[in-house]
Amino acid sequence: MKKILIAGIDSYIGVNVEKWLNNYIGKYIIDSIDMRGEEWKSKDFSSYDVIFHVAGIAHVSKDPKLKDLYYEVNRDLTIKTAQKAKNDGVNQFVFMSSIIVYGNSGVMGKEKVITKETKPEPVDFYGDSKLQAEKGIMKLNCDEFKVVILRPPMIYGRSAKGNYKRLSKLAKITPLFPDVNNKRSMLYIDNLSEFIRLLIDNEESGVFHPQNKDYVNTSNMVKLISEANKSPIHLTSIFNPVLKILSSKVNIINKVFGNLVYEKEMSEYKEEYRVANFKESIFETERMED
């Protein structure tokens with residue numbers, strides 16, 4: 001039986017991973033700890049096999065006034081937690097990083113494929129704070145203290161925030177949506193949760209890039225969402241010329257219709273972790289949202 005401490009209360013990923021692991025009755029004992037303030041420093045980690053670190057500030061602002069806070073939480077807190085875990089005799093430290101360490105999405109109409117040779121090149125302090133955290137904790141990696149770094153693409157699923165939620169709301173009310181040929185790497189929350197479970201069971205270390213088996217086309221995803229909600233929608237390319245012009249000035253267009261994928265080989269693992277295909281994941285997500 002593995003004993004796991006989730007470092008970070010009420011994290012979307014932490015909450016869902018805990019629910020997933022609790023399905024395996026008798027295999028895992030899971031606790032959570034609030035990483036805000038100083039109380040966590042007095043917590044004895046020695047009884048835990050794994051620390052799953054999800055505490056951090058999300059990519060919600062580029063306000064330069066927040067720069068120091070991003071580094072304080074995303075970098076410094078992560079390194080301090082890992083150092084304490086190692087000192088307390090924990091066997092494995094799992095850190096949620098992000099695809100954002102490779103920079104922004106490709107612009108609309110231009111491919112962006114991340115390969116094993118692609119070097120991280122963050123473009124803002126959020127991405128850099130994650131990358132600096134990675135570098136700091138990897139220095140602690142050894143046979144007795146295995147460090148896992150996860151760089152997932154956009155995560156979606158029941159109650160997820162961000163672009164998926166906005167697209168879901170739009171798909172339920174609009175009769176028309178742009179038909180754009182783009183590719184995105186995405187990751188369903190249950191597929192991520194199963195991947196984390198396998199990494200824990202197999203006592204892995206290293207950097208991992210999980211993603212769904214198939215790339216996602218934004219227009220097709222919106223079409224599936226509308227289908228799941230029985231809300232007819234028509235895809236049209238009539239808006240594409242305008243979107244292409246605006247994409248150089250309006251960043252949200254590239255976030256929605258730009259291209260950003262991991263080379264598929266980067267995401268393969270010795271055991272299958274994709275418990276749901278894309279259509280199943282969308283229908284399950286929309287069912288849970290009702």
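Two residues are in contact when heavy atoms lie within 4.5 Å of each other. By that criterion, residues 24 or more positions apart supply 84% of the contacts in the protein with a separation of 6 or more. The model is predicted.

Start with the overall build. The protein contains nine helices and 12 strands. Its radius of gyration is 19 Å, close to the 19 Å that the globule rule gives for 290 residues, so the protein is as compact as a globular protein of that length. The C-alpha trace spans about 60 × 40 × 35 Å along its principal axes.

Next, the surface. Of the 290 residues, 52% count as buried. The accessible surface comes to about 14200 Å². Carbon and sulfur atoms own 51% of that area. As for charge, the protein carries 43 positive and 39 negative charges. Their mean positions are 5 Å apart.

Strand β1 covers residues 2–7. Five of its six residues are buried, which leaves β1 mostly covered. Its partner is strand β2, residues 28–33. The two pair in the parallel sense over six bridges.

Five of its five residues are buried, so β4 is largely enclosed by the rest of the structure. Which residues of β4 point one way, and which the other? Q92, V94 and M96 point one way. F93 and F95 point the other way. All of them are buried, whichever way they point.

Strand β3, residues 50–53, pairs with β4 in the parallel sense over four bridges. Within that pairing, the bridge partner of V50 in β4 is Q92. Strand β6, residues 146–150, also runs parallel to β4, and five bridges join the two. Here F93 has V147 as its bridge partner in β6.

Is Y156 buried or exposed? Its relative accessible area is 0%, so Y156 is buried. What does Y156 contact, leaving aside its neighbours within four places in sequence? The contacts include Y12 and Y164. M186, L187, Y188 and I189 are also among them. Y24 gives a separate distance to check: it is 132 residues from Y156 along the chain, and their C-alpha atoms are separated by 22 Å.

S159 sits in the loop between β7 (154–156) and α4 (163–171). Its phi is near 65 degrees, a positive value in a residue other than glycine. S159 has 54% relative accessibility, and the cut-off for exposed is over 50%, so S159 counts as exposed.

E203 sits in the loop between α5 (189–201) and β10 (206–208). Phi of E203 is near 50 degrees, again a positive value in a residue other than glycine. How does E203 count in terms of accessibility? At 43% relative accessibility, E203 counts as partly exposed.

Methods: Residues are numbered from 1 along each chain as its sequence is written. This is a predicted model: local features need pLDDT of at least 70, side-chain atom pairs count only at pLDDT 80 or more; totals for chains, interfaces and linings use all residues. Side-chain values use heavy atoms; hydrogens and water are left out. The radius of gyration is taken over C-alpha atoms; the globule rule is 2.2 Å times the number of residues to the power 0.38. Buried means under 20% relative accessible area, exposed over 50%, partly exposed in between (1.4 Å probe, protein chains only). Accessible areas come from the Shrake-Rupley method with a 1.4 Å probe; for residues, only the protein chains shown count as cover. Lys and Arg count as positive and Asp and Glu as negative; His and the chain ends are not counted. The place of a charge is taken as NZ of Lys, CZ of Arg, CG of Asp or CD of Glu. Two strands pair if DSSP finds at least two bridges between them.
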